[in-house]
Every structure is written in C-alpha cells, then in structure tokens.
Amino acid sequence: MSNLTNVLRHAPSALRRLSRGGSSENSVSLCLNFRFVRVSSSARLSPSPPHLNKTSSRCYTSSAKTKPVRIGCASGFWGDTATSVPQLIYSGKLDFLVFDYLSEITMSLLTAAKSKMPNLGYAPDFVQAALAPFINDIHKKGIRVVSNAGGVNPLACAEAIQEVIKKAGLDLKVAVVTGDDLMPHRSSLSEVKMVADGSRQPLPKTLHSMNAYLGALPIRRCLDLGADIVVTGRCVDSAVALGPLMHSFGWKRTDYDLLAAGSLAGHLIECGAQSTGGIFTDWHKVPDWDNMGFPVVECSSDGSFVLSKPPKTGGLVSFGTVAEQLVYEIGDPQRYLLPDVTCDFSQVVIKEVPGVEGGAVRVTGAKGFAPSHDYKVCATYMDGFRATAVCPVGGPRAAEKARRTADSIIKRTKRIFKQLGLEDFSSVNVQVLGAEDTYGANARTKGSREAVIWMAVHHKQKKALELFAREVAPAGTGMAPGLTGIVGGRPRVSPVLKPFFFLHPKSQLQVDVHVGGEQVESLTEAEPDTPEHEAPPTSSDDVPDAELPSGPHSYRLEELAYTRSGDKGNSANIGVVARHPLFFPYLKKHLTSSVVEEYFSHLIQPGVKNAVTRYSLPGIHGLNFVLQSSLGGGGVASLRSDPQGKAFGQMLLDLKLRGLPDLKSLVD
C-alpha cells in the first residue's frame with residue numbers, strides 16, 4: 001500500500017522542487033488516496049530551482065526522526081494574551097510555535113472585514129503582536145511557526161509577514177495553504193449533505209461564508225518544502241500540531257494510531273492556557289494568573305507525549321487540568337472525527353510526572369481509524385439583526401426592579417412597532433443576572449441588592465432594533481430607581497450570522513500550497529473506489545456498573561469530580577472527570593443522562609426528545625454529556641448571556657447526588 005511519505009522520499013526531484021513559474025498550469029498536482037499518489041505537471045521539474053531557495057538559508061527535510069519534538073501553543077483564540085509568545089520562545093525550548101485563532105464566529109467576522117477591505121480578512125494580531133516583535137529571535141532559535149491566522153485571506157496574511165521579514169532583514173520562507181473557501185463553488189452546490197443526519201438540503205439563500213475544515217497534510221507538505229512559517233485558512237484546530245509531527249517523524253497517512261495521538265496533542269494545547277490551569281474547576285489552587293504559563297508538548301515518535309509549561313510561569317499542569325481539556329468540546333469520544341483520522345480517546349491515560357516545576361503529565365492511549373471521505377464545512381448565513389442592552393440596577397428588590405424595567409421597555413417598543421406597521425420581535429431574551437435566572441428551578445439566591453438586566457432581542461429589520469435601542473435610556477428617568485446606566489452606551493444593532501454545517505466530498509476540493517508567493521502544489525484526494533470504512537460503531541453509555549452499595553450520604557458533584565463545558569453549534573457538552581477512580585462507578589450510577597437533562601431542562605429547546613446523551617471515557621474515569629439544542633441557537637445567533645455553554649459545567653457542580661455510601665472513607 002503506497003503512501004505519500006514513501007513516494008516523496010523516493011521522488012524528491014518531482015515533488016520537493018519545481019521550476020520557476022507561479023501559475024496553476026505550472027504547479028505540481030498531487031492526487032491522493034489510500035492506494036497511490038499520482039503526480040502530473042506540465043512544467044519542467046528540476047532538483048533545485050532558485051525560487052524555492054531564495055527566501056531561506058535554512059534547509060529542512062522530512063525524515064523519521066527519533067528525537068522528541070517540542071511544540072508550544074501561544075494562542076487559543078483571536079484576542080489571546082501577547083505575553084504567551086516571549087515565554088514560549090525564550091523558555092519553551094521549542095521546535096515549533098503554533099497558534100490557533102479561528103472559530104465559527106471569528107470566520108464570520110473576518111469575512112465581513114474582507115468584504116469591506118480586500119486586503120483584510122486575517123488576524124492582524126498574529127503579524128504585528130506575535131511575530132513582528134520577536135521575528136529575529138524566532139529565526140535565531142530555529143523555531144518554525146504554524147498558524148491558522150490566515151482566516152479568509154491567508155495570502156494577504158503571508159504578504160504582511162513577508163513585509164515583517166523584509167524589514168528585519170531576514171531570510172525566511174513563508175508557505176500558505178488555501179482551498180478551504182468554498183464560496184467560489186457556490187453555484188455548483190445546489191444541495192448539500194447535512195452533518196447532523198445525512199439528509200440533503202439546499203444552501204441558505206443569504207449565504208455569507210463557507211469554509212471546509214482542512215487537515216494536517218497540507219501543513220506537513222509546506223514544512224516538507226522547507227517553510228519556516230506556515231499560514232493556513234480554516235483547518236481543524238489540532239492540525240497545526242499534527243502537521244509538524246507528521247513532517248518531523250515521517251508518519252504515514254495510514255498510521256492512524258499515531259495520527260490520533262498527534263491530534264490529541266493538538267487538541268490538548270489548541271486552547272492555550274486551558275490545559276495549564278485556565279478555567280480549571282479548582283481555580284483557587286492555580287497560582288499567578290497574571291503570568292499564566294502556556295502549554296508545551298514534547299512528543300515522541302511512538303505518539304506518546306509529555307505536556308508541561310515553561311518554567312517560572314503561573315498556572316498548573318496536573319491530571320485534572322489536562323483531563324478537563326481532553327473532554328472540552330467533544331462529542332462521542334470513540335468517534336472524534338477529523339479530516340486525517342477518526343480518533344478514539346476513550347482509553348487515553350493521563351499520568352502526572354513527578355518532580356517537574358509547575359507540573360507535567362504523560363499522555364498515552366489514543367487510538368485511530370480511517371477518516372471519512374468528506375470534509376466538514378461550516379457555512380454562515382444572514383438571519384436578521386440583534387441588539388443587546390446590559391444595565392446594572394442597585395438597591396432593595398433590585399432583581400424585581402430589573403425585571404419590571406426590562407418587561408416595560410419591551411412592551412413599549414412593541415407598541416411603537418405596531419404604530420409604525422412593523423412586525424413583532426422574532427425573539428426576546430430577558431435575564432436578570434444576579435437572580436440566577438440561568439439556573440431555572442435550581443436557583444437559590446433571592447433578594448439581591450445588586451442585579452444586571454440582560455435584554456437581547458432579534459428582528460428581521462435593522463430599523464426596528466434601532467427603535468428599540470433608543471428606548472433603553474429613557475428607563476433611567478422614567479422607570480425604576482437605581483438603574484445606573486447602560487454598559488457600553490446605546491445598544492448596537494448587528495447582523496446575525498447563523499451556522500450551517502454540511503459535508504463535502506474530499507475528492508471535489510482542491511487544496512493549494514503556495515511558497516514564496518507562488519503556487520507550487522495542488523492536493524486532491526482521488527475518488528474512493530471502496531465503501532467508506534468507519535470506526536467500530538459505538539453507542540451512548542448510560543448503563544451503570546454492577547450493583548453498588550448505597551448509603552445515607554449526599555455529595556455535591558464538585559466533591560467527587562471536575563467538570564468542563566463547551567459548545568458545538570447549538571449543542572453543548574459537559575465533561576465530568578472523577579477526582580478518584582473509586583468515585584467513577586458511583587458517578588456512572590447516579591449521574592445519568594436523564595438526571596442531567598432534568599437539571600438543564602429549562603435551557604433545552606422544548607420538544608427535543610432524548611436531548612442528552614452520555615458517553616464514557618474509562619481511561620480518565622470520565623463521562624461526557626452532549627446536550628442537543630441547549631444554547632438558544634449558539635454563538636452570535638443566541639440571545640443568551642452564555643451562548644456557548646461556558647458555565648454549564650460550573651452549574652452542574654452544585655448538583656446533589658444522594659443515597660451514596662461514605663465515599664471519602666474509600667479513598668482514605
């Protein structure tokens with residue numbers, strides 16, 4: 001069975017080098033599947049053309065190294081702290097520095113920016129704050145950089161980086177991956193295959209953006225071609241780490257266990273400080289948030305790795321901090337779907353490494369299977385407008401005053417709409433923060449003397465919400481006493497971009513690799529000639545262990561477990577990890593999907609049956625709950641104060657589990 005690595009190794013003159021010429025007609029085209037690599041080109045191929053050597057004095061090769069590779073992640077989102085870069089450069093002992101900037105919301109914002117100015121559409125922070133101040137030291141230390149900061153305009157991002165390199169008087173090679181943007185193919189996509197159920201649906205008429213989640217292979221090719229800095233558009237977050245590992249160790253595209261291990265390393269570091277103590281359940285045990293350490297993985301060729309952070313930084317690396325990140329934003333842990341591999345993380349083992357300042361863990365046990373023949377695609381489409389007013393209220397009966405104020409503003413605005421012949425609001429969400437509205441029937445606090453109005457509205461017309469925005473301030477003189485102002489001033493009306501997820505055949509998408517400003521390769525998977533081989537089927541896990549003893553004791557979930565929650569579209573997940581292996585059977589018995597569904601029933605869309613599914617991760621003694629239709633639309637489309645379910649895990653910590661034996665004595 002042929003594979004890309006072996007063919008490249010035996011045909012370096014054809015695939016690593018290309019004669020001068022930047023047009024697509026003169027580029028090498030690779031057609032990939034599991035059986036062969038087909039190479040075709042009309043250009044004259046030479047072993048060492050000038051244009052691939054002119055931007056760098058360093059030479060890299062792709063070989064099966066045995067020395068561990070160190071990768072540090074300096075960004076978990078667009079807007080992360082700039083203090084991460086120097087600590088990783090100067091104290092991380094890195095081979096690769098990677099950055100993850102993109103989310104569905106970020107892609108929509110970058111698309112809007114590019115529509116206004118064609119040379120925008122990427123994350124400028126990456127160029128000006130992350131690279132420019134440190135480019136000389138990155139070069140001196142031989143650190144190679146991989147980032148998805150290209151957003152919807154990776155070529156413009158690369159041009160900006162070249163200016164930084166030129167200004168510094170350096171000799172570095174910049175490579176770019178393009179092809180994730182499907183908007184140029186919109187006319188040919190009359191119907192698409194939906195992610196959720198496989199049904200076919202037409203694309204939304206008000207389509208705004210459409211990007212495929214690419215994998216690690218194009219990044220690996222950029223590094224094989226000698227790139228010092230690789231810029232991509234949309235790719236899966238973990239690919240920025242897996243690509244360097246495939247390049248460094250010569251992993252084949254059918255080495256599924258290794259690809260799963262590399263993807264796990266990427267998954268654990270892709271959100272920056274979230275694996276080094278950020279948002280940890282035991283936050284009070286994490287020191288020095290002001291100097292938070294960022295994650296470094298030291299990966300071996302067998303797929304095992306150690307996760308740590310630079311010395312003399314804040315934060316904490318422990319079983320708990322890393323296990324929480326493992327369950328962050330996943331669904332079925334036995335079928336974590338990526339473009340390069342289908343991962344099984346259910347048997348992953350995390351062990352603390354003693355004697356390391358700030359903590360370290362060794363991670364093993366990831367398994368992999370063949371990936372799907374399709375790319376997942378996130379499209380966004382315009383769906384009216386929204387506005388949000390946030391107003392603090394003080395004094396006795398603050399929550400009561402806040403609620404009446406919000407209801408009165410909505411009632412007045414509706415009357416104005418009727419007078420002007422405008423439609424009613426499409427949706428309204430009023431919460432009183434401080435009154436525990438988000439807890440529903442589980443709320444406990446009453447009679448607070450401070451509260452905050454959260455009032456978010458949606459309408460088809462921008463004009464209607466501009467009227468609403470003008471009616472908020474009058475509450476300060478004509479309604480309740482103690483309303484202290486409007487946070488941020490008059491509410492701003494903004495468009496709503498809803499996500500739309502579908503699948504697109506890999507064989508119908510061309511991914512291009514650019515080096516030094518010229519397109520040098522095109523990668524396209526061949527049409528599959530065999531049915532898709534899926535990972536072994538799994539089912540939700542809601543069956544308790546064998547009969548366990550009961551008792552008179554009650555425990556808050558926080559006493560027994562760590563939790564972390566996140567989002568995928570309009571669904572949320574809550575990972576629950578036992579603090580001790582002996583607690584795990586009792587969690588499985590008492591923390592069922594029905595218990596969790598009842599606890600969050602006020603946040604789940606009415607009418608959704610079996611809205612909560614539970615999965616098991618025995619390797620870390622963990623459970624993962626997926627809550628369908630629980631975010632009010634999710635992302636920008638949600639009018640809630642927690643549109644991404646960030647607080648769901650924290651909310652669950654207060655759940656009381658009753659009828660248990662003395663579990664603390666088991667541990668003692």
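Modeller: The second largest cavity is lined by Glu104, Met107, Ser209, Asn211, Tyr213, Arg234, Cys378 and Thr380. Helices here are DSSP runs of H or I with at least four residues, strands are E runs of at least two, and both are numbered from the N terminus. By class, you get three nonpolar, three polar and two charged residues; Ala, Val, Leu, Ile, Met, Phe, Trp, Tyr, Cys and Pro count as nonpolar, Asp, Glu, Lys and Arg as charged, and the others, Gly among them, as polar. The space inside is about 50 Å³.

A word on terms: a cavity is a set of points on a 1 Å grid, over the protein atoms alone, where a 1.4 Å probe fits but cannot get out, and lining residues have an atom within 4 Å of a point. Points are joined across faces, edges and corners, and the volume is the space filled by probe spheres set on them.

Keep in mind that this is a predicted model, where local features need pLDDT of at least 70, side-chain atom pairs count only at pLDDT 80 or more, and totals for chains, interfaces and linings use all residues. Residues are numbered from 1 along each chain as its sequence is written, and side-chain values use heavy atoms, with hydrogens and water left out.

Now for the rest: the whole structure has four cavities of 30 Å³ or more. The largest holds about 220 Å³ and has 20 lining residues, with Leu217, Arg253, Asp340, Tyr375 and Glu525 nearest its centre. β23 gives the largest share of that lining, three residues.

Terms used. 1 Å grid on protein atoms, 1.4 Å probe; cavity = no way out; pocket = protein on both sides within 12 Å on 5 of 7 lines; lining within 4 Å.
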